[in-house]
Amino acid sequence: MKIKFLIYGLLVALLLVIGWQFFMPPNAKVEDVTSPTAKQKNESFSTVLSNENEGFARALSPREFSFPSDHGPHNDFRSEWWYFTGNLKDRQGRQFGYELTFFRFATKAGAPDSKSVWRSNQTYMAHLTLTDVQGNHFYTDERFSRAGNDLAGASDKKYQVWLYDWSAKTQGETDFSLRLQAKSHDFAIDLLLTSPKSFVLQGDRGLSQKSREPGNASYYYSYPRLTTEGTVSVAGKQFSITGTSWMDREWSTSALSSEQSGWDWFALQLSDNTELMFYRLRRKDGQADSNSAGSLVLADNAKVALKDNDVTIKILDSWTSPHSKITYPSRWRLAVPSQGLEVEVDPLLGDQELNVSYRYWEGAVSVKGTKNGQPISGQGYVELAGYQ
Amino acid sequence: MSAILKRSSRNFLWQHPWQLALAILGIALGVAVVIAIDLAMESSLKSFNQASQAMSGTATHRIIASDGGLDEKLYTGLRVERGIANLAPIVTGYVKLVQPGEDNFKLIGIDPFIEKSLHAGWQNGQSESFSRDLLTRLLSEPNSVLLSEKTAQQLHLQINDQFKVITDQGAQQLKLIGLFSVNDAVAEQISAKLIITDIATAQEVLGLFGRLSSIDIVIEPDDPGTLAAIQQSLPGSALLVSIDSQAESMREMTRAFAINLKALGLLSLLVGMFLIYNTMTFLVMQRRRLIGSLRLLGVTRQQIFKLVIGEALLLALIGTVVGILLGIALGQGLLYLISGTINAIYFRIDAATLMITPLQIGKGVLLGISATLLAVLPPAYEATQLSAVKVLARSQLELGSRRLIKTVGLISMLLIIGGLVTAWFSGQSITLGLASIFLILFGFGLLTPAITLLFTKLFERVFGLFLGILGRLPARMVAAEISRTGIAIAALMIAVSATIGMDLMIGSFRQTVAQWVHASLPADLYVSILGDKMTAEKALSDHQLKNEIAKLAGVQMLSSALHTKLIADDQLTKISVFELNEASKQGFIFKHQVADDLWARFDNQQSIIVTEPYAYHHAVKIGQKIRLKTDQGEQAFEVIAIYADYSGDQGHLAMSRQNYQRYWPDLGYSGIGVYAKAGTDLKQLESRINQLMTTQQTVKSNQDIYKASMEVFEQTFTITETLRWLSAAIAFVGVFSALMALQFERTRQLGILRAIGITSRQLTVLIISETGLMGLIAGLLAIPVGFIVAYVLIFVVYQRSFGWTMAFYFDAGVLYQGVALAFIAALLAGIFPAMKMAQTHPAEALRTE
């Protein structure tokens, strides 16, 4: 009997040795470290924009703008962006919205001293989105790179900003027309932007104060109406489109104060060839922030500055993201009584939330309402940042 | 009935624990060696693959380059202009830790902002703190690095601690800013000697400005466009390889080495099989009476057969399990030897871990059990042949075996001839070459009993002349029990002849290599220049050094060599770039007649010379053209000579510096040969040159180089030596057990001898001379067989495995050693039973049967 047990025992031992190998978990991969945690995602730009600022220049007073060099980077400031959004339509009327944004963040003030071209204090981030209204789908992608080794950067000789192969580049000697090219795995844009209307300096001659403290401001100019044509590709299909884009350029070292939690930003192009830009800053305590501001650009390019109390915004609806569970406002009645303007702003899609490293909602909207009793319509983009 | 049978079997086995233990040991050792070699070899290769995979993550392809590295603008071109995604630029190099232990660490410079989908090693970490912020810090803080948690612990480093490393650029201060954790033992081992940092820091610390070591890429299988786009933008010095094919080529490179090792493992198993055979035969013979009685009781032949096979299976199972455990332990030891050898001659393995797979265990189980069953078939069959009536006397059996020996003699001749024919026709196949050795060994093993009978007749006559009956007795005893003694002698013979064969082969090889090294060191002093060839200033400083040496008093002339890689046939191929003078040209041993204008053509025409292994592996003939990739497209170089070289088994190319500089970037030198004027004090010159050197440069006399080369040679054969001794040890155990069993079985016989007046001293002498005689016979037989084995090894297996030809050097010492080994092993095996028998009372001995 003993031998029998011995045999069985050995067989079991042998099986265990073999089996143990099979049941060992494979070299399991853990979660991506570069993908931030939920908490990190919810830190809005406000955190980034209110970090330590030693050694950086501040936006203290209005300055002289000069082009094309001001289309280029301002590395003395902590952060900067080149912001393109637009509403597009193909010949059959199929609607698309897009966003292509290049962000520059300086990790440190000053230029590094190194023989390695990879050593750089400038980091670029880019976001690309496409809103396919008919397909009811919102496409997003993001990229990061250092400016080193020419992997990303911007030129001060001509309008050119790029991150890898995503780029906004002037086509000739003048700043416009500008070609935007960016492709992701399953969607892409290739657009040509021309400028029938000139740029407008926001705030006080381009100095846009964001909170009361001096220096908590940015330099800010916009091209509020850029005629756009080109192609967008979605899931292997290409569409020839035309439409209108908006470009914002802004750089600063610290913009928000610590009490501010985020902003709702409206950029609306109206059918009477006027454009409305308004950002409403939100405070952490829920109060309205008096630094909210904007502008109305008239058909002749004249600018009407808008203060906090010039604009009323009423939230008509809300949308809760199934991805982040965050609730965003989602329909607004926006009125500028001094201009006799009252419009309803309605997202083309509810879900235009960017679930990327910094989470925010940025989406194409349609505009309908009245101006001085006359019906008016339009389109635009709304950005909702800092919601948790 | 079967219960009784089983019980009888069990009772019997329990009464012979020594035999059982030895049989199990035989199986266990055989299996252990096979498993250990398999595990160690596979683990070495896997460690290498996993280490590179852990870093490259899901990458499917890699752009690699020769020693000059890749231009970093290539990466920008791919990313920005061509818009290719999922690329990971990498800068790697080795740094030496100042404290403690001066360990070498691999420094890997990465770009923290590449796509997450690459899943590269550094992207995996469990700790919450290992976040984007940390990666941003890595990127923006110069000299900041990450270490694995365990490594940091071992080095007693906390986050934000600084530590010092030495590189080609001198001492550098690094700062630990984060830890990455790994989740299994293998990854832990791999990450133990790893420093992760940003690519900028890596370039700064290693001085590799402007260069990348490699670019990892993920290319979807359905995306040939990207593949083509990358191919198009590659310069002549870069190569796109798939990760799989890279792993495959590593395996291919070490294939011959692996096969040779595995053959050594099988040799151990073969010797082990003899042991099992021997034990099982003993166990059957011991039960002649029992089996006869069982048959009388109506037990069928099948039942007897089953009984024996069942016993063997049990032994096989225990032996295999013990063998596997032993093999794993042994494998751990062999791993360092094997990975050390791979490091020395093939490629660098940073950390080898023993990795055990079910497949390998399964292989061991299968081998152990089938080898046992094979070995036990003859005795099992024999057991069924025991007739119930005859309950045979031993004489009957021996008569039978003598008849059998004749048949076996025929078979063995066939095996030997088959082996020789196989060797002759084995062509390029290493496996066939080794198989021929096994056939020859096995054939001679089978022939051994027959030859033993001849020998014993001779010995009987010779000793009988001088010593009378007692002198005849040992030889007669051997002959009388040839069924048992023959097998023991055969096992010993096989082990010893394999030892002799390998000794002769290694000796011949050593001699050949020594002559070659000697001939290829014509200069008086050699300056060797280490350091990364990617560093920008290296070429410049090398040239400076050479100019300064040339100016020294006492220096007559210089030669130089650069060892690097070029791309031939879409493979990085080693090449030596020579600047030769009249003396250094004498350092080449050509494998054929060469024309007088060879060197003129070498310097002035677009030509190359190739080493013997290269010519063998690539079937290159003189006059053939080899196409090499350059920035100006492929260029054809005519092969004008084949020369001897034993520095590696893959072989390499050689070209003149003029030829090289026409197409490829200057990477400085790997070595400079210094030829002194007659009458110069070499010691003085050496110290003067030494004053010109940096830490990356050393100067050595040709004597020192010779010594160092031979040390490397010995090191590469450590593993072979070790395995050879293992199989000899198994053979020893085999002989020991066989002889002991034999003597114990003969208790009664010896008792009679004692009873008829032989003193216990005489008996001791008798037993020891019998075993000694067996050892002597085995040793003598092993000489010619060892010669044949050596011959096949040198002219068939090694030439085919590695492409080296070598001269056969005969070393008589090896033969003496072989015979002595066999003789002493057998003598020793006789001592214990002799002592025991001497102490036994004759009456008791007669009774205990």
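The model is a predicted one.

In chain A, the secondary structure comes to three helices and 23 strands, while chain B has 28 helices and 20 strands. Of the 388 residues in chain A, 44% count as buried; for the 849 residues of chain B the figure is 49%. The C-alpha trace of chain B spans about 95 × 70 × 50 Å along its principal axes. Looking at contacts with a sequence separation of 6 or more, residues 24 or more positions apart supply 85% of them in chain B and 56% in chain A.

Now for the inside. In soluble globular proteins, nonpolar side chains tend to be buried together. Here, the largest nonpolar core holds 347 residues, and the ones touching the most other members are Ala491(B), Leu492(B), Met493(B) and Val735(B). Helix 26 of chain B, residues 760-802, gives this core its largest share, 21 residues. Leaving aside residues up to four places away in sequence, Ala491(B) touches Val271(B), Phe274(B), Leu275(B), Ala731(B), Gly734(B) and Val735(B).

Helix 26 of chain B also has a packing partner. It meets helix 27 of chain B (residues 812-839) at an angle of about 155 degrees, with the axes 7 Å apart. An angle over 145 degrees counts as roughly antiparallel, so that is how helix 26 of chain B lies relative to helix 27 of chain B. The crossing of these two helices is right-handed. Leu828(B) is found in helix 27 of chain B, and it counts as partly exposed because it has 17 C-beta neighbours inside 10 Å. Between Leu828(B) and Gly775(B) there are 53 residues of sequence separation, and their C-alpha atoms are 10.0 Å apart in space.

Helix 15 (residues 430-480) and helix 16 (residues 482-519) of chain B have axes that come within 8 Å and cross at roughly 115 degrees. Helix 15 of chain B and helix 16 of chain B are therefore roughly perpendicular to each other, and helix 15 of chain B passes helix 16 of chain B in a right-handed crossing. Residues of helix 15 of chain B that take part include Leu441(B), Phe444(B), Gly445(B) and Thr448(B). Across from them, the residues of helix 16 of chain B in this contact include Ile489(B), Ala490(B) and Met493(B). Met493(B) has already come up as one of the core residues that touch the most other members.

The other pair is helix 12 and helix 23 (residues 702-716) of chain B, which pack at an angle of about 140 degrees with their axes 9 Å apart. That makes helix 12 of chain B oblique to helix 23 of chain B. The contact is made by Thr341(B), Ala344(B) and Ile345(B) of helix 12 of chain B, together with Val712(B), Gln715(B) and Thr716(B) of helix 23 of chain B. In this case the crossing is left-handed.

In helix 11 (residues 288-296) of chain B, Ile291(B), Leu294(B) and Arg295(B) are buried. Seen down the axis of helix 11 of chain B, its buried residues fall within an arc of 100 degrees, so they line one face of the helix. An α-helix has 3.6 residues a turn, so residues three or four places apart point the same way. Arg289(B) and Leu296(B), on the other side of helix 11 of chain B, are exposed. The cover over the buried residues of helix 11 of chain B includes helix 12 (301-345) and helix 13 (358-385) of chain B. After helix 11 of chain B comes Gly298(B), with a positive phi near 100 degrees.

Leu566(B) is found in strand 13 (residues 555-568) of chain B, and is buried, with 27 other C-beta atoms within 10 Å. Not counting residues up to four places away in sequence, Leu566(B) touches Ser66(B), Thr573(B), Ile575(B), Leu628(B), Lys629(B) and Trp664(B). Leu566(B) and Asp67(B) are 499 residues apart along the chain, yet 8.8 Å separates their C-alpha atoms.

Key. Residues are numbered from 1 along each chain as its sequence is written. Chains are lettered from A and ligands numbered from 1 in the order in which they are written. This is a predicted model: local features need pLDDT of at least 70, side-chain atom pairs count only at pLDDT 80 or more; totals for chains, interfaces and linings use all residues. Helices (H or I, at least four residues) and strands (E, at least two) are DSSP runs, numbered from the N terminus. A residue is buried if 20 or more other C-beta atoms lie within 10 Å of its own, exposed if 12 or fewer, and partly exposed in between; C-beta atoms are placed from the backbone. Two residues are in contact if their C-beta atoms, placed from the backbone, lie within 7 Å. A nonpolar core is a set of buried Ala, Val, Leu, Ile, Met, Phe, Trp, Tyr and Cys residues joined through C-beta atoms within 7 Å. The arc is that of the directions from the helix axis to the C-beta atoms. Axes are lines fitted to C-alpha atoms, for helices over the stretch in contact, and angles run from 0 to 180 degrees between N-to-C directions. Angles under 35 degrees count as roughly parallel, over 145 as roughly antiparallel, 65 to 115 as roughly perpendicular and the rest as oblique. A crossing is left-handed if the near helix is turned anticlockwise from the far one by less than a right angle, and right-handed if clockwise.
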